[in-house]
Amino acid sequence: MSRQRLRLALKTLDAGDWRIFEEFAADFLAVEYPSLRTMAATRGDKGRDGQLYIPEEQPTDMVQYSVTPDWKAKIAQTLKRLAENFSEIRRLIYATNQEIGPAADDLVMSTLRDKGVMVDIRDASWFLERRETHPQRANASESLCEKVVDPLLRKERISEQVGLALTDQEARLGLLHLSLQNQDEASEKGLTRESFESLTLSALHDTSPENLLTREQIHERVSSFLPAGHEQQVDAQVDSALLRLSGKKGRIKHHKSEDKFCLAHDERSRLQEKTAEFVQSEQLLEKKLVEAVAFYGGVVHERDEGKVGAEVRASLEWLLLKRGEAFAEAVRTGEMNHADKEGIEQLLRDEPVKKSHRLAVNTVAETLVHVLDNPAEEIKAHLRRLADGYTLFSFLRQTPDVQKVVVSLFSDGDFWVDTSVILPLIAETLIEDPSQRHYTTIFKAAVDAGIRLFVTDGILEEVERHLNRCLQFSRTEVRLWNGTVPFLYAAYTLSGRARAGFVDWLENFRGSVRPVEDVRIYLEEELLIHQKNLVEEADSAPIELRAAVQEVWNEAHEKRRRQRESEWDPVITQRLVAHDVETTVGIIQLRSRGASSPMGHRYWLVTLDKVAFRLKWELSRRLHEAPSSPVLSPDFLSQFLRLGPLRTAIEREQRVNLPLLVDVSKYDYLPKSLVELADTLRGQLAGKSERLVRRGIRDSLDKMRTEEGIEAAGGLKAAEERIMTLLQRETGPLGA
């Protein structure tokens with residue numbers, strides 16, 4: 001009996017299933033208490049569902065079966081009724097499908113102290129741990145799963161619960177099986193082979209010796225959501241998958257006389273367990289999404305949590321589908337974009353199925369970014385499987401031969417990293433948990449895979465100048481600072497750290513004598529990013545190309561000047577333009593020396609700059625024939641490393657921690673008033689645990705940053721009161 005299958009059965013039970021649970025629980029308890037007699041009735045049970053029978057004595061041990069989520073109220077109600085009807089109650093065995101655990105400790109102690117009654121709670125964990133301790137319990141567990149879980153996992157029902165971004169039943173089942181592939185271990189099999197094995201198993205989802213499918217029916221089901229015009233190729237791939245999977249002790253049984261197929265018994269059991277685990281992960285994901293909605297200011301009533309969770313999960317899967325499609329399209333064209341909140345909000349507005357939750361689009365976008373950028377450990381693997389499933393699905397929508405496309409991707413290369421990515425890498429040193437340092441994970445995995453990372457002198461200069469600007473900000477009274485909060489200082493503040501420690505932290509990256517050289521050494525020693533200029537390559541490019549690229553960057557920086565006039569220096573602007581021209585033109589020129597497929601180039605610029613992602617379009621307006629874009633997004637690099645030809649070269653720990661989405665936008669604009677607020681709160685919290693203070697300030701500022709604004713919400717004083725309330729929850733009474 002699978003633990004996951006029984007857990008899903010218990011979680012699925014609701015108020016209408018009380019009798020099913022009663023029969024199950026009674027069978028479990030009867031092993032331990034042979035004298036147990038069931039007393040439950042629609043009326044007249046005097047508050048107990050069962051009792052331990054003792055001849056000629058008043059019963060002292062009672063049993064209550066319950067599927068209600070409000071177990072505290074149910075126990076209180078039961079104890080009250082028992083006290084009214086029985087005078088010598090010593091113990092109440094409370095059997096429930098809910099997961100309670102230590103949450104009942106206080107209630108158990110107070111009931112024993114005040115009423116002299118021992119409350120013995122048998123919750124979901126109790127049943128799960130004892131499911132195989134006696135044949136009667138194993139049979140009861142199997143019977144419950146047959147009644148509750150098996151119908152839930154059948155084709156028609158399961159396709160209602162998975163693949164919410166898709167509409168076709170076969171496509172949803174295909175997505176489920178693609179997601180169930182074991183992505184934690186990089187396979188040498190090839191993605192085409194793996195994918196068609198998954199799709200073939202998907203076509204056979206509900207089959208058994210009593211319910212066989214012909215070869216033609218399997219061909220038809222698999223072909224139903226693959227691109228038209230490839231039927232012969234699809235049939236050949238399905239036939240190969242059938243041959244491999246129906247070998248000795250295979251996952252498929254082949255009835256050769258009729259040329260019909262079904263899942264093998266062990267495969268059906270495995271599929272039930274994996275699908276049950278998948279459904280539970282989806283339920284947990286919905287719970288985490290609802291929690292994130294509440295954190296970002298969305299109002300969700302308890303009665304609506306299930307519906308809102310499902311609708312927000314559908315939006316998340318819509319985002320994963322569109323990102324999968326964008327990835328597949330980028331492989332074909334070489335053009336890509338970085339997913340930011342603005343783009344995600346637009347995707348949500350384009351979602352075809354309108355939602356009933358009435359949450360603001362920006363709240364849902366914040367929620368999705370938060371969950372994808374920083375997933376809870378218990379849903380991290382599920383999100384990765386889901387994202388990779390949608391990506392493989394998107395590839396298959398374009399071509400059945402996924403492997404042929406993937407091998408055309410770069411298998412090594414020289415990548416230059418610009419300032420917009422270097423700064424987040426430095427900011428991640430503020431994150432205590434190494435597994436949450438997403439950009440660091442991406443670039444360490446890239447180095448593991450044989451990619452060489454570089455920066456130019458111009459990028460080193462930009463990084464050092466930004467660090468210096470942060471230093472000046474830290475030494476200036478906030479209200480006197482002319483301009484915005486620098487990116488890295490915003491990251492430092494949002495980590496909850498004290499202003500007094502900023503200079504010490506900064507010395508990890510630069511000193512005061514040779515600061516640029518210090519930055520170079522740090523990047524080389526800590527991140528294996530080496531210095532290598534592109535001046536000669538850029539200077540050797542056609543004059544028309546250099547002029548066009550320079551015009552694009554001049555216009556971009558001029559637009560930025562108008563947005564931040566107070567911070568602008570024309571000399572610095574020209575140096576920034578020169579740096580951008582060197583990297584983009586230099587990489588384009590390196591590429592011109594050898595032909596390659598759109599994503600097969602060895603030379604790339606990894607950046608988050610929106611102008612860089614528009615470069616191909618901008619150049620097509622200025623040149624007769626624009627070169628392919630040299631720009632690579634960190635998010636797309638992460639996806640390449642998970643699915644591309646480099647994946648087998650990456651250590652497993654690095655591969656499973658590769659992020660799905662990385663959000664640095666929270667550092668882009670931090671109001672100076674929040675920096676002042678953080679400084680003020682630190683003074684008030686003197687003497688508290690540094691770890692708790694840091695966490696409280698970090699989470700509180702993150703929440704404040706997403707809300708409507710300090711002035712609109714009642715001024716700085718109101719903001720301070722709200723944050724102090726949040727901090728008290730984290731650290732206890734401020735005077736403690």
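1. Helices (H or I, at least four residues) and strands (E, at least two) are taken as DSSP runs, numbered from the N terminus. On that basis the secondary structure of the chain comes to 33 helices and 13 strands. The model is a predicted one, in which local features need pLDDT of at least 70 and side-chain atom pairs count only at pLDDT 80 or more, whereas totals for chains, interfaces and linings use all residues. Residues are numbered from 1 along each chain as its sequence is written, and side-chain values use heavy atoms, with hydrogens and water left out.

2. Of the 736 residues in the chain, 54% are buried, where buried means under 20% relative accessible area, exposed over 50% and partly exposed in between (1.4 Å probe, protein chains only). Taking contact to mean heavy atoms within 4.5 Å, residues 24 or more positions apart account for 76% of the contacts in the chain with a separation of 6 or more.

3. The axes of helix 20 (residues 457–474) and helix 23 (residues 515–527) come within 9 Å and cross at roughly 110°; axes here are lines fitted to C-alpha atoms, for helices over the stretch in contact, and angles run from 0 to 180 degrees between N-to-C directions. That makes helix 20 roughly perpendicular to helix 23, given that angles under 35 degrees count as roughly parallel, over 145 as roughly antiparallel, 65 to 115 as roughly perpendicular and the rest as oblique. Helix 20 passes helix 23 in a right-handed crossing (left-handed if the near helix is turned anticlockwise from the far one by less than a right angle, right-handed if clockwise). Leu460, Val463, Glu464 and Leu467 supply the contact from helix 20, and Pro515, Val516, Val519, Arg520 and Leu523 supply it from helix 23. By class this contact has 7 nonpolar, no polar and 2 charged residues, with Ala, Val, Leu, Ile, Met, Phe, Trp, Tyr, Cys and Pro counted as nonpolar, Asp, Glu, Lys and Arg as charged, and the others, Gly among them, as polar.

4. Helix 20 also packs with helix 18 (residues 419–427), at an angle of about 50° and with the axes 10 Å apart, which makes helix 18 oblique to helix 20. Helix 18 passes helix 20 in a right-handed crossing. In this contact Thr419, Ile422, Leu423 and Ile426 of helix 18 meet Ile459, Glu462, Val463 and His466 of helix 20, and the residues divide into 5 nonpolar, 2 polar and 1 charged.

5. Ser474, also in helix 20, counts as buried at 11% relative accessibility. Leaving aside its neighbours within four places in sequence, Ser474 is in contact with Tyr489, Arg499, Phe502 and Val503.

6. How many aromatic pairs does a search of the whole structure find? There are 21, where rings of Phe, Tyr and Trp (its six-membered ring) pair if their centres lie within 6.5 Å, and planes under 30 degrees apart count as stacked, over 60 as edge-to-face and the rest as tilted. Trp416 and Phe454 form a tilted pair, 5.1 Å centre to centre with 35° between the planes. Trp416 lies in strand 9 (residues 413–417) and Phe454 in strand 10 (residues 451–455), so the pair ties together parts that are 38 residues apart in sequence. Both Trp416 and Phe454 are buried.

7. The rings of Tyr489 and Tyr492 have their centres 6.0 Å apart and their planes at 40°, so this pair is tilted. Tyr489 and Tyr492 are 3 residues apart in helix 21 (residues 487–494), and are therefore separated by about one helical turn; both are buried. Ring pairs link Tyr489 and Tyr492 into a cluster with Phe473, Trp481, Phe502, Trp505, Phe509 and Tyr522.

8. Most residues other than glycine have a negative phi. Asp259, in the loop between strand 7 (252–255) and strand 8 (260–263), has a positive phi near 50° and is partly exposed at 24% relative accessibility. Arg358, in the loop between helix 14 (341–349) and helix 15 (361–373), has a positive phi near 60° and is exposed at 81%.

9. Leu6, in helix 1 (residues 3–12), is buried with a relative accessible area of 0%. Leu6 and Glu273 are 267 residues apart in sequence and 9.3 Å apart in space, C-alpha to C-alpha.
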